[in-house]
Amino acid sequence: MTVDLFFQYLFAGVTYGSIYAIVAIGFNIIYNSTGIINFAQGEFVMLGGMISISLLQFMPLPLAIIVAVLATMLVGALVEILFIRWLERPSVMQMIIITIGVSILLREVALHIWGESIRSLPYFYGNEITTFSLGSVHISPQVLWVIAACGFMVCGLSLFFKFTPTGREMRACSVNRTAAILCGINTRNMVTFSFMLSAGIGAMAGCVMSPITYTQYDCGTGLAIKGFTVAILGGLGNSMAAVAAGLLLGIIEAFSVSVVPLAFQDAIAITILLIILFIKPHGLFGSSEAARLRDF
Amino acid sequence: MKVSKTNKILCLCALVILTQVTTTLTGTQYYLTQLTMAAYYGLVVIGLGVLMGYAGQISIGHAGFFAIGGYISAAMTTHNLVQLQDTPIISFCSQMGLLMERQDIYGDQLLTFAPWAACVTALLLAALIAFFLGIPVLKLKGHYLAMATLGFGTIIYRLVLATPLFGEADGISEVPAFTLLPAIGSLPPIMVSGDFGLRVINYYLAWGVLIIGMILLLNLIDSRVGRALRSLHSSEEAAEASGVHTSGCKVYVFVISAVYAALAGVLLTHYNAGIGPSEASVMKSVRYVALVAVGGMTNLWGTLIVGISLTFLSLRGVFGSYDDAVFAAILIGVMLFSPAGILSLRGCLLPSKQEIAPAKEENL
């Protein structure tokens with residue numbers, strides 16, 4: 001493998017890796033506030049892409065993306081209010097089945113609205129063949145958009161959780177819900193808010209990746225599995241580790257193409273997931289001592 | 001009023017015969033085709049029902065086991081071995097009677113494994129995979145278990161889609177009939193095939209397999225293993241403290257339910273004379289979980305009834321293009337309003353039932 005090829009693969013890996021990282025962060029936000037793995041996370045990504053593509057006919061691109069993100073946040077809030085908010089002490093099995101049901105419903109709705117056709121947003125800058133040359137490596141400007149958007153979201157989120165009152169309340173909620181209630185935090189609203197936040201982040205990811213990966217009504221499932229792999233790899237609930245794990249998985253996948261056929265690419269991510277689940281279910285960066293206190 | 005197990009089985013048998021007679025009398029025998037297929041899917045669903053309801057372990061990868069059964073037997077009974085005829089292994093298999101010779105529609109010679117050899121191989125393979133997958137996977141709980149089994153199902157789907165031997169996106173067609181008993185005198189042969197003349201026999205065959213499977217599972221539930229399972233469902237620590245080999249029990253049931261799914265896969269593949277990758281898809285696995293959940297996790301009869309009737313309606317195309325959406329809506333509705341299954345709704349009328357129902361899904 002030449003040096004050029006190495007960097008080309010590396011950039012492809014980082015691009016996909018940052019998308020996986022965003023999906024994983026979406027998982028983590030909801031997991032932290034509720035203890036639920038939201039199996040419909042991938043559908044938020046799909047919805048973001050689809051809505052922005054449809055809105056593009058009526059408004060300029062930046063506005064379409066903003067409205068799409070807001071609309072998806074609304075969907076996220078609706079999902080929480082309709083299906084999750086009023087359940088009294090739901091079991092894990094119940095939550096798994098409900099969120100899977102929601103993901104299928106969202107997918108079917110998308111199928112009936114947008115059909116089976118594959119769509120995409122236009123490139124934010126230039127077109128398919130515009131490239132930057134970094135030395136001898138060619139990079140599409142969209143790749144930079146993806147990486148920038150991911151970086152922006154990660155920084156924005158960590159600032160949000162550290163410095164804003166709402167962010168702090170959400171963290172309090174995830175650490176100890178009873179104590180949070182005693183401090184006068186409306187935990188139910190925090191849960192709704194975490195669904196909105198994670199839907200919005202997913203939708204944003206769906207918009208920036210759409211020009212590269214295209215959007216179809218069923219593209220969410222694959223992303224959800226990858227995102228979950230990344231969330232587990234980094235340790236469930238740990239968003240910073242999810243970024244590192246996302247990049248790692250993206251790069252492994254990109255390089256795996258040079259060894260095994262493309263058709264098996266997805267199988268590789270899942271094999272990694274299974275191996276991690278078997279030997280280190282608390283993640284690569286999680287501490288095994290804290291893990292001993294939890295159920296896997 | 002408590003109906004005994006034997007009476008329930010007899011009722012089911014009577015219903016099966018009644019249905020067949022009714023369809024013959026009214027000239028609506030075409031229903032039998034879907035009823036046969038529904039019975040095979042029912043086999044997957046009751047196997048999964050024991051795993052989910054009694055052992056308390058979710059599996060979103062059962063379509064994977066179904067596909068292992070279907071694809072292995074389809075590939076073995078259609079892959080032509082004529083060119084390898086003289087290699088020692090193949091001639092050894094031939095001497096053992098494992099091979100079947102026939103002609104394809106163009107008159108070319110076709111040498112493949114016999115369906116029963118393929119069936120045994122498929123079931124053994126499914127059991128082995130379930131065993132070696134179950135040991136690490138069943139140590140996990142909740143979300144982790146769900147994702148791990150989902151991951152397994154997805155890997156099988158990807159493998160099937162990417163392997164030329166399994167026909168990639170086209171699947172495998174022209175799978176021969178599975179002859180269980182050759183024609184004796186004037187009696188017709190008993191074989192699993194989609195031939196119209198054999199529709200009634202196949203109907204009884206499928207339901208026979210389903211009823212036998214049901215009896216075996218009911219016995220399992222009432223056995224020592226069944227009691228161990230229920231104890232580990234309500235509290236794994238307590239079960240372990242009372243000397244139940246919890247991990248062994250879970251793997252045991254996982255293997256059994258995998259074999260049920262694989263057997264259904266084998267038989268349905270011979271009945272349909274082919275199998276496609278959609279049988280291995282995640283949506284199928286989710287559908288099996290949905291049927292179990294709707295029927296009631298700890299209610300094998302409910303699972304059977306709901307599994308058969310919903311699958312039958314879906315196969316008849318009653319839900320049209322909203323098929324998946326209907327399943328999702330039912331799934332959500334049941335989980336929200338009646339997590340112990342749709343048949344437990346009558347528990348609202350009978351207070352004794354109501355007390356039992358919520359206690360059952362505390363765990364996992």
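## Chain A: overall form

Buried residues account for 49% of the 296 residues of chain A. The model described here is a predicted one. The radius of gyration of chain A is 19 Å, and a compact globule of 296 residues would have a value near 19 Å, so the two agree. Among the contacts in chain A with a separation of 6 or more, 77% join residues 24 or more positions apart.

Chain A contains 12 helices and two strands. Read from the N terminus, its elements follow the order α-α-α-α-β-β-α-α-α-α-α-α-α-α.

## A helix pair in chain A

Helix H1 (residues 3-34) of chain A packs against helix H10 (residues 239-256) of chain A, with an angle of about 140 degrees and a distance of 6 Å between the axes. The crossing of H1(A) with H10(A) is right-handed. By class, the residues of this contact comprise 16 nonpolar, seven polar and one charged.

## The interface between chains A and B

Contacts between the two chains involve 32 residues of chain A and 34 residues of chain B. On the side of chain A that touches chain B, at least two residues come from each of H4, helix H9 (219-234) and helix H11 (265-279) of chain A. H4(A) provides the largest share of that side, with 12 residues. The side of chain A that touches chain B is made up of 24 nonpolar, five polar and three charged residues.

## Chain B: overall form

Chain B has a secondary structure of 14 helices and six strands. Its radius of gyration is 21 Å, close to the 21 Å given by the globule rule for 364 residues, and chain B is therefore as compact as a globular protein of that length. The C-alpha atoms of chain B occupy a box of roughly 65 × 50 × 40 Å along the principal axes.

Of the 364 residues in chain B, 46% are buried. Contacts between residues 24 or more positions apart form 76% of those in chain B with a separation of 6 or more.

## Helix H5 of chain B

Helix H5 (residues 115-137) of chain B consists of 23 residues. The distance from its first C-alpha to its last is 31 Å, close to the 33 Å expected at 1.5 Å a residue. The buried residues in H5(B) are B:Pro115, B:Ala118, B:Cys119, B:Ala122, B:Leu123, B:Ala126, B:Ala130, B:Leu133, B:Gly134 and B:Val137. In an α-helix there are 3.6 residues a turn, so residues three or four places apart point the same way.

The buried residues of H5(B) pack against both helices and strands of chain B. The helices are H3 (62-78), H6 (142-162) and H10 (246-272) of chain B, and the strands are S2 (109-113) and S4 (178-181) of chain B.

Within H13(B), the buried residues are B:Ala325, B:Phe327, B:Ala328, B:Leu331, B:Ile332, B:Val334 and B:Met335. These buried residues pack against elements of both chains: helix H3 (61-84) and helix H4 (92-114) of chain A, and helix H11 (282-295) of chain B. H4(A) is also the element that gives the largest share of the side of chain A that touches chain B.

B:Pro339 lies in the loop between H13 and helix H14 (351-360) of chain B. B:Pro339 counts as buried because 22 other C-beta atoms are within 10 Å, the cut-off being 20 or more. B:Pro339 and B:Ala293 are separated by 46 residues in sequence, yet their C-alpha atoms are 7.5 Å apart in space.

## Positive phi values in chain B

B:Glu174 is not a glycine, but its phi is positive, at about 55 degrees. B:Glu174 belongs to the loop between strand S3 (172-173) and S4 of chain B. With 12 other C-beta atoms within 10 Å, B:Glu174 is exposed.

B:Ala273, likewise a residue other than glycine, has a positive phi near 60 degrees. B:Ala273 sits in the loop between H10 and strand S6 (274-275) of chain B. B:Ala273 has 18 C-beta neighbours inside 10 Å and so counts as partly exposed.

Definitions and conventions
Residues are numbered from 1 along each chain as its sequence is written. Chains are lettered from A and ligands numbered from 1 in the order in which they are written. This is a predicted model: local features need pLDDT of at least 70, side-chain atom pairs count only at pLDDT 80 or more; totals for chains, interfaces and linings use all residues. Helices (H or I, at least four residues) and strands (E, at least two) are DSSP runs, numbered from the N terminus. Two residues are in contact if their C-beta atoms, placed from the backbone, lie within 7 Å. Ala, Val, Leu, Ile, Met, Phe, Trp, Tyr, Cys and Pro count as nonpolar, Asp, Glu, Lys and Arg as charged, and the others, Gly among them, as polar. The radius of gyration is taken over C-alpha atoms; the globule rule is 2.2 Å times the number of residues to the power 0.38. Axes are lines fitted to C-alpha atoms, for helices over the stretch in contact, and angles run from 0 to 180 degrees between N-to-C directions. A crossing is left-handed if the near helix is turned anticlockwise from the far one by less than a right angle, and right-handed if clockwise. The expected span of a helix is 1.5 Å times one less than its number of residues.
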